[in-house]
Amino acid sequence: MPGKITRVATLLLAVLIYCSCTKTTDLGLKDPTKTPPPDTSVVPENSVDRKALLQLVNGLRSRGCNCGTDAMPAVGPVTWNGLLERAAYDHSKDMVLNKYFDHNGLNGSTPGTRLDAAGYKWNYYGENIASGSLDEQAVVLGWLNSPKHCHNMMNPTFTEIGIGRYNNDWTMELGKRVVTK
């Protein structure tokens, strides 16, 4: 048991505060037929178990959970988006190759600018990062045990997700795309 606690504590120390930003204020469009279908392409070099990650995150979302002291109600599922996966993988790779760990890239990029570069047209986004020799279950558990990262995973605004891992660095991108009329 002490080894497990140490592993979770180490992960929590490695995980940074999330970033959740708003790009537009157009919340009135709710017609799902106006939303483009998710990009279900995958990043071949990304060695994550997409199905397991979706099951873990959507399992939390379907049951609700506690994020620190905040009781979070059940919310709808997220779907996998290849553009979010691309942005997540590229950020994880950049952090490893350039030896840093942050939401802001050394080149000045932010989560929003990386989503723009990947072609993801967003209204809202959130980003979680983690570092460590982790599998899918351990990384999601680490984010669950960090209140701000947990809030990101439980945010009902987010409808899509993409997660990328390069070596031991993980990035989760969550988003809601611009709805067009």
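**Notes on the predicted model**

1. A word on confidence to start: in this predicted model, pLDDT (the predictor's confidence in each residue, from 0 to 100) is lowest in strand 1 (residues 19-22), at a mean of 34, and highest in helix 6, at 98. Helices (H or I, at least four residues) and strands (E, at least two) are DSSP runs, numbered from the N terminus. The chain averages 83, with 77% of the residues scoring at least 70. Please read residues 4-34 with care: pLDDT is below 50 there, although the stretch has 64 contacts (heavy atoms within 4.5 Å) beyond near neighbours in sequence.

2. Buried is under 20% relative accessible area (1.4 Å probe, protein chains only). This core has 27 residues, and V139, M153, M154, I161, W170 and M172 touch the most other members. Helix 5 (136-144) is among the elements that supply at least two residues; with five, helix 5 gives the most.

3. M154 deserves a look: leaving aside neighbours within four places in sequence, its contacts include L60, C65, C67, M72 and V75. A second, separate core of seven residues includes A87, A118, W122 and Y125.

4. Strand 5 is largely enclosed by the rest of the structure, because nine of its 10 residues are buried. Strand 5 runs antiparallel to strand 7, joined by nine bridges; Y125 has G175 as its bridge partner there.

5. On conventions: residues are numbered from 1 along each chain as its sequence is written, and side-chain values use heavy atoms, without hydrogens and water. Local features need pLDDT of at least 70 and side-chain atom pairs 80 or more, while totals for chains, interfaces and linings use all residues.

Conventions
Core = buried A, V, L, I, M, F, W, Y, C linked by side-chain atoms within 4.5 Å. Buried < 20%, exposed > 50% of the residue type's maximum accessible area, 1.4 Å probe, protein only. Pairing = 2+ DSSP bridges.
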